[in-house]
Structures are given as C-alpha cells and as structure tokens.
Amino acid sequence: MKKEDRLEKNPIEEYLRMDRIPHIWCPGCGIGTVVTSFIEALKKNKEDLDKVAVVSGIGCTGRVAGYVKMDSFHTTHGRAVPFATGLKLANPDMKVVVFSGDGDIFGIGGNHFIHAARRNMDILIICVNNFNYAMTGGQVAATTPMTANASTAPYGNYEYSFSLPYLADACGATYVARWTALHMRRVTKSIQEALNHRGLSLIEVITPCVTLYARRNRLGDGLNLLKYYYDQSVIEHGADTRTLDIAYQGKLVCGKFIDKEKPTFLDAMNTHLSNVLGDDYELYGRINNEND
Ligand SMILES: Cc1ncc(C[n+]2csc(CCOP(=O)(O)OP(=O)(O)O)c2C)c(N)n1
Ligand code: SF4
Ligand SMILES: [Mg+2]
C-alpha cells in the first residue's frame, strides 16, 4: 500500500464527526487518548452504534460528546449523570455512557453521581481525572492532590481530595476501575467489560492536562507526564478501595477494584412493583437476569 493511501483514512474516522475536527484539545493533552480507547472498545465489542449514546457535561473532557459519531449530548455543567439517567430510563435497551471530567462529575455533579450509584443505575461513567478544572483556567478541584498548585491554590492545595473509586464503592457502584491514559489496552478492556456490565460502572482515567496542571506544577510536557503517571502506577486488582488515595506525584494504584452483580434500578423497580401490584404491573425494560 502506498504511503498516501495509508494516511488517507484515520482508523477511527467512522466513529468521529470529522466535520468537527480539528478538535480543541491542546497538543499533548491526554483526553484524545482516552477517546481512542473508548472507540477501540466499541469496535472490539462490535457495539451497534444505534444502541450507544454518549453524554458529556461541560469542560475540556465535556467536548467528547461533540466529536463522537453516535447519539451524543453535550449537556450542562454537572448534569451529564441525571441526563444519562433519564435517557437510560426512557430507552432501556440503549447503552448509555457518560464521558466527562472530574470537576463535572464529582464537583458540581457530585450529588447526581452519588444517587445514580446508590440506585445502581445501569450506565457507564468514564471520568477523565486531570486533577483540575482545566477548561476554566486550572482551578483547584475535588480531585486536586494535597499540596499541588492550582490557579486558585497558588501556595498549594490544602483541601483533602476525593478518592473516586472509594467514593463510588461507598455509594453502591458495581463496577469500579482506575487506569492511567497510557494503559490504553487496559482502559479498552475495562470499557469493553463495563459496556456489558449491568449496573453503575465507573472507570477513572488519570490523564495529563499539559497546559494548566502540568505547567503550573512544572511537570514537563504532556508526553512526560503521561509516562510519569504510567510509571507511578501499581496494578492491584481487587484492592480495598479505602487504600486508593492519590498523593501529589505519588503512587497510583490502578486496576479493577469492584465487579459485582446487584439488581439495577429497573430490576429493583420491576421486582418490587410486580410483588406489590401482581398482574396489574407490566414489566418495563430489560428483564432481570435476561441475557442478550
Ligand atoms: C453552572 C456552571 N458553573 C460553572 C461553569 C464553568 N465551568 C465550565 S467547565 C468547568 C470545570 C470543568 O472541569 P472538569 O470537569 O474537570 O473538566 P476538564 O476541563 O478538566 O476536562 C467549569 C467550572 C459552567 N459552565 N456552568
Ligand atoms: S487545558 Fe488541559 S485538559 Fe484542556 S485541552 Fe488543554 S491540556 Fe487538555
Ligand atoms: Mg478536570
């Protein structure tokens, strides 16, 4: 094959809205790497794209919904999870994926997250954790590690940060994993699994924000930081989620921590209302334990 022919088509082009390219992300930003892993997972799972929807909130990561070529929704800040919940309940056969940032899902949207997890809502949440509110100028976030510098923490952060897997586990999520963006095959595999998991899945992907977080903390370029996070990672599948705090530039425990079965929101609704109403109740959506 001639070089010109090889370069003609991007291998993931059919999954992207090419009319929106070039994207807005900075050179060296890790968000695109996570999108590539997501698309690989869709391809490997042979997902019917008419049955997958992506929902994002606002932020650099929130732009993902605008670039993927399937039903996708760029919602308001912090509201991706409730939007996804409504979408899933109205279309129970669809696989609904929230793809958004740490600030969007766990800062302004934190309350929505905890209730979706409590209900074991059947959605997949992919959270790009770049340790700051990147789009608005690198403000301190609920995920910024202690002592890290941010535009609103010029002398270093002194707030305790959330450990996202611990939070998700405590709230009732039934699939929880953490990777760095450079663990591309692992991220892909987790997304493949989570797309087939029934219940609330959270996949946290630690990702460099080169322009704000890395520059302010003098952590080198995007590639350096991508590699640094990877090198700092230790894979501990099944680790106790209470042990997963992230210290500034410290060890990053990655792996699949939770993968369990529990009735989803619709399972619980169907079981309960059938018990209470008997034949007057018509089961809704995919039925408990029914396989594809
Ligand atoms: C109601 C509301 N409050 C604040 C904002 C401003 N805002 C837009 S994006 C953002 C932070 C996004 O951070 P994160 O979700 O971590 O995404 P990132 O840019 O880091 O990928 C904020 C505070 C907004 N758009 N709407
Ligand atoms: S500001 Fe940070 S997160 Fe946003 S596109 Fe640039 S590098 Fe990525
Ligand atoms: Mg962020």
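Predicted model: local features only at pLDDT ≥ 70, side-chain atom pairs only at ≥ 80, totals over all residues.

Q: Sheet to begin with, then: what is the order of the eight strands?
A: The strands of this open sheet follow the order β2-β1-β3-β4-β6-β5-β8-β7, and their pairing is mixed.

Q: Which strands stand at the edges?
A: Those are β2 (71–74) and β7 (233–235), and because each has a single partner strand, one side of each is left without a neighbour in the sheet.

Q: In what sense do β1 and β3 pair?
A: Strand β1, residues 52–56, and strand β3, residues 95–101, are paired in the parallel sense over four bridges, and within β3 it is lysine 95 that stands opposite valine 52.

Q: What about β8, what does it pair with?
A: Strand β5 (residues 175–180) pairs with β8 in the antiparallel sense, over four bridges, and glycine 255 of β8 is the bridge partner of arginine 178.

Q: How many of the eight residues of β8 are buried?
A: Six of the eight residues of β8, which spans residues 252–259, are buried, so this strand is largely enclosed by the rest of the structure.

Q: Where is glycine 238, and is it buried or exposed?
A: Glycine 238 sits in the loop between β7 and β8, and it counts as exposed because there are 10 other C-beta atoms within 10 Å, where the cut-off for exposed is 12 or fewer. Its C-alpha atom is separated by 7.3 Å from that of glycine 255, the two residues being 17 apart along the chain.

Q: Switching to helices, which strands does α2 lie across?
A: Helix α2, made of residues 31–45, lies across β1, β3, β4 (124–129) and β6 (201–206), and it runs at about 155 degrees to β4.

Q: At what angle do α4 and α6 pack?
A: Helix α4 (residues 80–90) packs against helix α6 (residues 110–118) at an angle of about 35 degrees, and their axes are 8 Å apart. On the α4 side the contact is made by Val81, Pro82 and Thr85, while α6 contributes His112, Phe113 and Ala116. Sorted by class, the residues of this contact are four nonpolar and two polar, with no charged ones.

Q: How is the chain divided into domains?
A: The domain assignment of the protein chain gives domain 1 as 3–261 and domain 2 as 263–292, and their C-alpha centres lie 31 Å apart. Eight residues from domain 1 and six residues from domain 2 take part in the contact. The side of domain 1 that touches domain 2 consists of two nonpolar, two polar and four charged residues.

Q: Last topic: which residues surround ligand 2?
A: Ligand 2 is surrounded by a set of residues that includes Trp25, Cys26, Cys29, Ile31, Cys60, Asn130, Met135, Cys209 and Thr211.

Q: Which helix gives the most to that shell?
A: Helix α9, residues 210–216, gives the most to the shell around ligand 2, with three residues. As for class, the shell has ten nonpolar and two polar residues, and no charged ones.

Note on methods
Residues numbered from 1 in each chain as written. Chains lettered and ligands numbered in written order. Near = placed C-beta within 6 Å. Helix = DSSP H or I, 4+ residues; strand = E, 2+ residues; numbered from the N terminus. Nonpolar A, V, L, I, M, F, W, Y, C, P; charged D, E, K, R; others polar. Pairing = 2+ DSSP bridges. Contact = placed C-beta atoms within 7 Å. Axes fitted to C-alpha atoms, helices over the stretch in contact; angles between N-to-C directions. Domains from an automatic or database assignment. Buried ≥ 20, exposed ≤ 12 C-beta atoms within 10 Å, placed from the backbone.
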